[in-house]
Amino acid sequence: MEKLEKMADFFAVRINMYDEHMLNDVEGCKECYEKMAEYVPEGSKRLLDLGCGTGLELEGIFRRLPFISVTGVDLCEAMLCRLKEKYADKSISLICGDYFTADFGRGYDCALSFQTMHHFSKEKKAELYKKIFDCLTDEGIYIECDYMVETQAEENHWFSENTRIRQEQGIAEDGYYHYDTPCTAENQRLLLKGAGFASVEQAMRIENTTMLVARKG
């Protein structure tokens with residue numbers, strides 16, 4: 001079995017192929033990058049991007065809202081450097097760290113994440129969603145595009161495999177290592193509702209790439 005890689009290392013060594021892979025190889029991502037931009041509220045001044053990577057999701061957003069101020073959070077320094085190069089003329093503040101513990105402040109009109117939440121446990125996500133809820137303005141929204149499976153059996157399988165592999169390799173359950181543990185869209189929706197969001201709608205789904213829009217007010 002291939003040894004699990006630390007999350008930041010996994011993406012750092014793949015940075016030169018990352019954009020092409022996400023746009024061309026992961027079913028639904030190209031379409032969802034564009035669709036996500038449509039849901040950012042008109043007039044938004046501040047945006048939080050969790051697990052921002054190289055910022056592929058920001059291209060469409062900057063076309064619509066060229067003067068929006070973005071705070072991006074990611075574990076991988078190499079990814080953040082690439083993002084900074086792409087959008088050197090934009091208002092961007094970057095935090096190299098994990099979004100569970102990072103202090104990214106409050107007062108955001110919109111928060112978003114793209115293909116990052118499926119690496120973590122439901123307990124960790126429930127904790128984070130409350131943090132996201134609190135960081136938004138009263139009418140703020142959170143947009144999540146992620147790998148989500150169709151059935152509870154699939155979800156159970158991947159979480160069980162993650163536990164087994166970590167035990168075999170002596171990796172702590174809460175360590176940041178790259179392994180996919182997707183939830184069902186319904187379980188993601190319930191986690192967001194549990195964090196306080198008034199409504200959660202499924203905006204798009206292509207294969208397992210699924211977009212949810214959670215509204216605070």
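Colleague: Where does Q115 lie?

Modeller: This is a predicted model: local features need pLDDT of at least 70, side-chain atom pairs count only at pLDDT 80 or more, and totals for chains, interfaces and linings use all residues. Residues are numbered from 1 along each chain as its sequence is written, and side-chain values use heavy atoms, with hydrogens and water left out. Helices (H or I, at least four residues) and strands (E, at least two) are DSSP runs, numbered from the N terminus. Q115 sits in the loop between β4 and α6.

Colleague: Which is Q115, buried or exposed?

Modeller: Phi of Q115 is near 50°, a positive value in a residue other than glycine. Buried means under 20% relative accessible area, exposed over 50% and partly exposed in between (1.4 Å probe, protein chains only). The relative accessible area of Q115 is 10%, so this residue is buried.

Colleague: And which is E207, buried or exposed?

Modeller: E207 belongs to the loop between β6 and β7. Its phi, near 55°, is a positive value in a residue other than glycine. Relative accessibility is 56%, so E207 counts as exposed.

Colleague: Leaving out residues up to four places away in sequence, which residues does F114 touch?

Modeller: F114 is in strand β4 (residues 108-114), and its 4% relative accessibility is why F114 counts as buried. Contact means heavy atoms within 4.5 Å. On that basis F114 touches M22, C29, C32, Y33, M36, L50, G51, E57 and C145.

Colleague: Within what arc do the buried residues of α2 fall?

Modeller: The arc is taken over the directions from the helix axis to the C-beta atoms. In α2, I15, Y18 and M22 are buried. They line one face of the helix, because seen down the axis of α2 they fall within an arc of 10°.

Colleague: Which elements cover that buried side of α2?

Modeller: The face of α2 turned away from its buried side carries the exposed residues N16, M17, E20 and N24. Covering the buried residues of α2 are elements including α1 (7-12), α3 (29-39), α5 and β4.

Colleague: How are α2 and α5 oriented to each other?

Modeller: Axes are lines fitted to C-alpha atoms, for helices over the stretch in contact, with angles from 0 to 180 degrees between N-to-C directions. Angles under 35 degrees count as roughly parallel, over 145 as roughly antiparallel, 65 to 115 as roughly perpendicular and the rest as oblique. The axes of α2 (residues 15-24) and α5 (residues 77-86) come within 10 Å and cross at roughly 65°. The two helices are therefore roughly perpendicular.

Colleague: Which residues of α2 and α5 make the contact?

Modeller: A crossing is right-handed if the near helix is turned clockwise from the far one by less than a right angle, and left-handed if anticlockwise. The crossing of α2 and α5 is right-handed. The contact is made by I15, N16, Y18 and D19 of α2 with A78, M79, R82 and K86 of α5.

Colleague: And how are α6 and α8 oriented to each other?

Modeller: Their axes come within 8 Å and cross at roughly 40°. That angle makes α6 and α8 oblique, which is therefore their relation.

Colleague: Which residues of α8 are buried, and over what arc?

Modeller: In α8 (residues 185-194), the buried residues are A185, N187, Q188, L191 and L192. They are on the same side of α8 because the arc they cover around the axis is only 165°.
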